[in-house]
Amino acid sequence: MVDLARLSFGAAAAERDVRRGLDAYFIESSAYTQMSSGIKTILVANRGAGKSAIFKTIAHRQRDAGGLVIELAPEDYSYEFLSSAMTRELDGAWAKLGAYATAWKYLLLVLIMKEVTRRHGRLRRGAESQIYTYLRDNHAGMSESPFDSFVSYLRRIESVKVGRFEAGIRTRELQHLYKLHEIDHLVAPLIRLCERSRVTVLVDELDRGWDSSEDAQAFVAGLFQACMTINDL
């Protein structure tokens, strides 16, 4: 006889079972093998196919191996919020893909800087100390979600695009924003830190709240573009 009171079917979604048995019954498919190998991968499948379970298993095992892991997922309202916050291109707004890609690069680099700083403590010497100083002066004590920082940088670009600036000033300010001038000098020391501690960034649930708006499309396309740039570093 089976004691049904002791029978467990786990959580409703496998990814919620990561600390309660997922690792024991997880099947290492070819998709998992490719993802965990570090090959640049975009994982596409229907809901419930196991994408998030793969992500959670990778994150769990990377952390157990001493690696640093950043997990990102848009909130349910993210696409609706972006569409309401940004002017439509049809209404005269600027082309958006480049701005979204830049905002993604800014967000991901700042999150990676935060993660390696937590691992290595206060970086007091050499160029690496500039990372700690930048985070202390610009991101200390902020309780906002990562995507608040993303939207904030996007709006900085928008304010220059639509603001009343002379052409020369507008061009210079946009170049500074698109080239991430305020953190560009931190990339080289960040690369050195990442050589000491592997960092894995997993972005999941991009279909959550998807509304197929121009902002949603630019949001996802910008992420792909940003990831290619950062991986090349």
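Predicted model: local features only at pLDDT ≥ 70, side-chain atom pairs only at ≥ 80, totals over all residues.

Residues are numbered from 1 along each chain as its sequence is written, and side-chain values use heavy atoms, with hydrogens and water left out.

Let's start inside. A nonpolar core here is a set of buried Ala, Val, Leu, Ile, Met, Phe, Trp, Tyr and Cys residues joined through side-chain atoms within 4.5 Å. "Buried" is under 20% relative accessible area, "exposed" is over 50%, and "partly exposed" sits in between (1.4 Å probe, protein chains only). The largest such core has 46 residues, and the members touching the most others are W104, M113, F150 and F219. Helix α5, residues 97-120, supplies the largest share of this core, with 13 residues. (Helices are DSSP runs of H or I, at least four residues, numbered from the N terminus.) Apart from that core lies another one of 11 residues, including A53, F55, I58 and A59.

Which residues does F150 touch, leaving aside neighbours within four places in sequence? With contact meaning heavy atoms within 4.5 Å, they are L82, Y100, A103, W104, L107 and F219.

Now for the rings. Rings of Phe, Tyr and Trp (its six-membered ring) pair if their centres lie within 6.5 Å; planes under 30 degrees apart count as stacked, over 60 as edge-to-face and the rest as tilted. There are eight aromatic pairs in the structure, and here are two of them:

| Pair | Centre to centre | Angle between planes | Type |
|---|---|---|---|
| W104 and F147 | 5.7 Å | 90 degrees | edge-to-face |
| F150 and F219 | 5.3 Å | 80 degrees | edge-to-face |

Both tie together distant parts of the chain. W104 in helix α5 and F147 in helix α7 (residues 146-162) are 43 residues apart. F150, also in helix α7, and F219 in helix α10 (residues 214-232) are 69 residues apart. W104 is buried at 0% relative accessible area, and F147 is buried at 11%. F150 is buried at 0%, and F219 at 1%. Ring pairs join Y100, W104, F147, F150 and F219 into a cluster.

Notes:
Helix = DSSP H or I, 4+ residues; strand = E, 2+ residues; numbered from the N terminus.
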